[in-house]
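Subject: Structure handover

Hello,

Here is the structure you are taking over. Please look through it once before reading the notes that follow.

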Amino acid sequence: MVKIGVLELVGYREWTENIGFDREYIIQLNQTKVYYELQSMVSEAGGFIIPLRFDYMIIVANGVDNKVLKKLPLALKYFSPVPIKIAVTCAKTPYEAQLKATLLLPEVKENTTLIEYNEYCNDHIVVAQFDINYYTLKTKYMSVYDTYLESMQLYLEVVNLSKKVGGIVYYLGGDNVLMLLSLDKINVLNELAHRDLKIGVGVSKIARRAIMLSAKALDSIRMNRKEGNNQGIKIIYDG
């Protein structure tokens with residue numbers, strides 16, 4: 001089971017429409033401020049934030065204490081121009097969990113967190129990080145924009161793959177794309193093994209550790225390639 005929260009900035013669109021026409025830089029600064037504070041609080045507790053549209057954000061909450069999740073809306077009220085509410089739930093796949101949490105949001109009061117929780121929430125989560133081989137080298141002879149488009153193509157391929165298995169995908173920047181999966185769907189990653197990619201995979205009951213292990217797996221692939229091993233996927237299990 002995967003534990004996911006969905007955070008809503010309540011009335012955010014209305015707020016943006018009432019701060020004048022010269023507003024985009026204000027919106028971007030506020031989004032960055034809320035995201036920074038939220039990521040700081042949640043990552044310290046073992047989770048991770050996916051900002052999505054910024055008026056809605058996903059909390060990857062495997063391993064995060066429910067007491068922390070309940071405190072977030074009030075802790076963030078000093079950084080957000082509008083009230084916040086959060087719904088947290090568990091499901092077999094990340095997609096299903098975020099869908100359930102989204103549907104719970106209308107029941108949540110402003111500046112509060114509603115948690116639908118059971119003993120199966122503390123299961124493993126799989127994090128896969130993808131990056132393109134020789135991407136930095138390509139930047140030296142392709143334009144920056146062309147390499148960015150190649151990253152977007154990778155992103156779309158991973159998105160299409162994730163749809164088959166109920167995953168969630170997030171573009172990290174550069175050539176890095178992150179996918180959240182349930183443990184029983186991990187073999188789907190073999191479908192991209194033929195591509196000129198590195199795929200580092202981390203498996204843990206704590207979201208932040210799974211991401212850390214996926215980065216460690218990527219580094220292991222890089223080291224092996226220096227030694228002539230063309231291994232494309234590396235999985236590291238916690239413990």
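Across which strands does helix H6 lie? Helix H6, residues 144-165, lies across strand S6 (125-132), S7, strand S8 (176-181) and S9. Relative to S7, helix H6 runs at about 165 degrees.

Before going further, please note that this is a predicted model. The average pLDDT of the chain is 91, and 95% of the residues score at least 70. Among the elements of the chain, the lowest mean pLDDT, 72, belongs to helix H5 (residues 135-139). The highest, 98, belongs to strand S2 (residues 48-50).

The sheet with S6 to S10

The strands that H6 lies across belong to an open sheet of five strands, ordered S7-S8-S6-S9-S10, in which the pairing is mixed. Its edge strands are S7 (168-173) and S10 (233-237), each of which pairs on one side only. On average, neighbouring strands of this sheet are turned by 20 degrees against each other, direction ignored.

At one end of the order, S7 and S8 pair in the antiparallel sense over five bridges. These two strands form a hairpin with two residues between them. Gly174, in the turn, has a positive phi of about 60 degrees. Gly173 has Asn176 in S8 as its bridge partner.

Strand S9 (residues 197-204) pairs with S10 in the parallel sense, also over five bridges. Val201 stands opposite Ile235 in S10.

Strand S4 (residues 84-91) and S5 pair in the parallel sense over three bridges. Val88 stands opposite Ile115 in S5.

Salt bridges

Side chains of opposite charge can pair when their charged atoms come close. The structure holds nine salt bridges, and three of them are described below.

Arg222 and Asp131 form a salt bridge in which the closest N and O atoms are 2.6 Å apart. The pair links distant parts of the chain, with Arg222 in helix H7 (residues 207-226) and Asp131 in strand S6, 91 residues apart. How exposed or buried is Asp131? Asp131 has 2% relative accessibility and therefore counts as buried, whereas Arg222, at a relative accessible area of 33%, is partly exposed. Both residues belong to a network of salt bridges that links Asp131, Lys198, Asp219 and Arg222.

Glu116 forms a salt bridge with Lys100, and here the closest N and O atoms are 3.6 Å apart. This pair also links distant parts of the chain: Glu116 is in the loop between strand S5 (113-115) and S6, and Lys100 is in helix H4 (residues 94-104), 16 residues apart. Glu116 is partly exposed, with a relative accessible area of 39%, and Lys100 also counts as partly exposed at 30% relative accessibility.

Arg53 is exposed, at a relative accessible area of 55%. Asp55, by contrast, has a relative accessible area of 15% and is buried.

Aromatic pairs

The count of aromatic pairs comes to four. One of them is formed by Tyr12 and Trp15, and this pair is tilted, with 5.4 Å centre to centre and 35 degrees between the planes. Why are Tyr12 and Trp15 separated by about one helical turn? Because they are three residues apart in helix H1 (residues 12-16). Both side chains count as buried: Tyr12 has 7% relative accessibility, and Trp15 has a relative accessible area of 18%.

Regards

Notes
Residues numbered from 1 in each chain as written. Predicted model: local features only at pLDDT ≥ 70, side-chain atom pairs only at ≥ 80, totals over all residues. Heavy atoms only, no water. Pairing = 2+ DSSP bridges. Helix = DSSP H or I, 4+ residues; strand = E, 2+ residues; numbered from the N terminus. Axes fitted to C-alpha atoms, helices over the stretch in contact; angles between N-to-C directions. Contact = heavy atoms within 4.5 Å. Salt bridge = Lys/Arg side-chain N within 4 Å of Asp/Glu carboxyl O. Buried < 20%, exposed > 50% of the residue type's maximum accessible area, 1.4 Å probe, protein only. Phe/Tyr/Trp six-rings, centres within 6.5 Å; stacked < 30°, edge-to-face > 60°. pLDDT = per-residue confidence, 0-100.
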